[in-house]
Amino acid sequence: MSGDHFHVHGPHDHAVEHAGHGGDNFSSQIAVMTAILATVGALFSYEGGATQNDAMLHKNQAAILKTEAANQWAYYQSKGNKQNLAELGSALSAEDKRPKFEADAARYKAEKEEIKKRADELEARVKEEDELSEQAMHVHHRWAQAMTAIQIAISLAAITLLTRKKWLQYGAWGTAAFGSALAALALAHI
């Protein structure tokens with residue numbers, strides 16, 4: 001105990017401390033194994049976070065584009081209303097006023113086509129961004145699964161150190177290999 005602070009050692013801390021002084025090869029192997037697994041786990045965790053951020057960025061972009069598309073559709077509808085009013089004006093007006101209403105109706109119809117084209121393009125981009133988001137989330141889940149397997153392997157390594165059971169070490173390596181296979185699937189976007 002030093003000063004106002006105290007530290008409680010767990011059973012594995014004691015075993016690691018004694019292994020460092022006694023030249024215990026088994027404990028040294030487990031320590032190196034744990035360090036390697038922790039490093040690999042940190043890399044997997046980073047990739048998992050990066051792909052999750054990518055998914056959120058694509059989903060956010062899809063929402064922005066969806067709003068723009070909705071605005072275009074509202075604009076399209078307003079032009080349709082103006083076209084309808086111009087057509088009604090043409091039908092109800094005197095012969096000499098009809099050409100102006102007919103010209104307005106034709107102009108609104110042409111404007112609607114451009115607006116519809118823009119809205120359809122935005123809708124297509126929304127679909128693309130949603131698909132990219134789904135793909136990124138799938139890859140994120142693979143990275144998360146890989147990270148979970150590495151964490152389990154680290155836990156098995158700690159239990160191996162405490163129990164000194166060689167078969168647990170093989171179990172830790174096997175679990176780490178499984179996690180690495182999941183990471184390979186994530187890299188391949190599978």
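Before any result, a word on what a pair is: rings of Phe, Tyr and Trp, the last through its six-membered ring, pair if their centres lie within 6.5 Å. Please keep in mind that this is a predicted model. With that understood, a search of the whole structure finds two aromatic pairs.

Let me begin with phenylalanine 44 and tryptophan 143, whose ring centres are 5.5 Å apart and whose planes stand at 50 degrees, so that this pair is tilted. What does the pair tie together? Phenylalanine 44 belongs to helix α2, which covers residues 25-92, while tryptophan 143 belongs to helix α3, which covers residues 98-163, and the pair therefore ties together parts that are 99 residues apart in sequence. As for accessibility, phenylalanine 44 counts as buried at 10% relative accessibility, and tryptophan 143 is also buried, with a relative accessible area of 5%.

The other pair is formed by tryptophan 73 and tyrosine 76, and it is edge-to-face, with 5.6 Å centre to centre and 80 degrees between the planes. These residues are three apart in helix α2, so about one helical turn separates tryptophan 73 from tyrosine 76.

Finally, one contact of another kind, between a charge and a ring: arginine 107 lies over the face of tyrosine 108, at 4.6 Å from the ring centre.

Terms used: Residues are numbered from 1 along each chain as its sequence is written. This is a predicted model: local features need pLDDT of at least 70, side-chain atom pairs count only at pLDDT 80 or more; totals for chains, interfaces and linings use all residues. Side-chain values use heavy atoms; hydrogens and water are left out. Rings of Phe, Tyr and Trp (its six-membered ring) pair if their centres lie within 6.5 Å; planes under 30 degrees apart count as stacked, over 60 as edge-to-face and the rest as tilted. Helices (H or I, at least four residues) and strands (E, at least two) are DSSP runs, numbered from the N terminus. Buried means under 20% relative accessible area, exposed over 50%, partly exposed in between (1.4 Å probe, protein chains only). A charge sits over a ring if NZ of Lys or CZ of Arg is within 6 Å of the ring centre and within 35 degrees of the ring normal.
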